[in-house]
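Hi everyone, thanks for coming. Let me put the structure up, and then we'll talk about what sits inside.

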Amino acid sequence: MLVAYVKRETAYMKRQGRMNRLALYLLVVTSILGVCLAHAAEDVPKNIILFIGDGMGVSQVTAGKITKGTLNLERFKVVGLLTTFAHNALVTDSAAAGTALATGFKTVNGAISVSPDGRPIKTIVEYAEAAEKSTGIAVSCSVTHATPACFLAHVDNRSKDALIAEHIASSGIDVLFGGGAAWFLPMSAKGSKRQDEKNLATHMAKRMKVIGSVNEFQSLNDVDAVAGFFAEEQPGGVSERKPSLPELTRRAIIILSKNKNGFFLMVEGSQIDWGGHAKDMNYIISEMVDFDNAVGVGLDFAKQNPQTLVVATADHETSGFAIHDGSVDVRKVTTVGHTSGGHTAAMVPVFAYGPGSSAFAGIADNTSIGRIIIGYLQKANEKPPED
Ligand code: MG
Ligand code: ZN
């Protein structure tokens, strides 16, 4: 069509003796088009790292800053706020919020990446796989827990850990770090929580290295795919947890970044939320600082690898946490309050760094996170970035 148009116009202009002007038009049009395309390509990240602080509201971040002095979160150039409500409730749980982040769609509380009527919704991880990127999950809870489950499973209720484990085992995930070994072993095995004889760990071992100890983690050499379970169920708090979340993040990035098409990695600081449920200030702060250290690992990589987008956010706020007294001079929070032992509807912060980060500025809904990242992955799928 364009060729026919140009031919017709050329003939006309020749008749008019205005060939020079046509050449000028074409030059201007192709220049504008070229600038637009170059700009679009520049904004599509090759690697995407999404950090989720479960239950990390603005007060949790503030308490972390008072204690630590300077947070890695302060290295981000773009900051925004997100509304977190679920499809059926003002106050979300981690499943509905995780679904919003992982798919870009609202669902009901308890649902794991399915619509309110139970239909599966494609996740960021599935879009990343379609774009031939490597994918990873590193969390400080069982990998079957709501937040990671939303990236790897499609199940109507978050309490179905055994079924979620089956979805995870048959997913295409390349790096999986967390707790929850009990859901991947047959019921006859020691420590299993399954009600059947399915051995999901053996099934996964067909396509990836499966490890279950800190020693194996430390001696991990050149692997392309690995599942590491470091607790039968939930890993302990920061002081007991080994490997630490920053270590898991570092190792995951080393493995995933071998893919020349890039990668998607989700890292969750799972227990900031549990500190809130326990109304335990020290638990909240220690988990907040650990999460921030993991974020630092991601930002260090992004600094060295400028085609990397890093996004850090939360699924919801937990406990209506408020700081009433303390001191920035001695880096101590002394008096706090909690309005409840549950979640609240308060907006949560979002931080972004790297190519495509400007889309995360301002006030938006949590579904925008999934939608923006999926948009980048679809663009990457159209035209894989060169290395
Ligand atoms: Mg969580
Ligand atoms: Zn919670």
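So, in this predicted model, the largest nonpolar core has 101 residues, and those with the most contacts inside it are Leu73, Phe151, Leu176, Phe177 and Phe360. By core I mean buried Ala, Val, Leu, Ile, Met, Phe, Trp, Tyr and Cys residues joined through side-chain atoms within 4.5 Å, where buried is under 20% relative accessible area, exposed over 50% and partly exposed in between, with a 1.4 Å probe and protein chains only. Helix H12, residues 281-304, gives the most to it, twelve residues.

Quick housekeeping: local features need pLDDT of at least 70 and side-chain atom pairs 80 or more, while totals for chains, interfaces and linings use all residues. Side-chain values use heavy atoms, without hydrogens and water, residues are numbered from 1 along each chain as written, and chains are lettered from A and ligands numbered from 1 in the order written.

Now, which residues do ring pairs link into a cluster with Phe177? Phe217 and Phe230. Rings pair if the centres of Phe, Tyr or Trp (its six-membered ring) lie within 6.5 Å; planes under 30 degrees apart are stacked, over 60 edge-to-face, the rest tilted.

The whole structure has eight aromatic pairs. Phe177 and Phe217 have centres 5.4 Å apart and planes at 80°, so they're edge-to-face. That pair joins strand S4 to helix H9, 40 residues apart. Phe177 has 0% relative accessibility, so it's buried. With Phe230, the centres are 6.0 Å apart and the planes at 45°, so that pair is tilted.

Methods. Helices (H or I, at least four residues) and strands (E, at least two) are DSSP runs, numbered from the N terminus.
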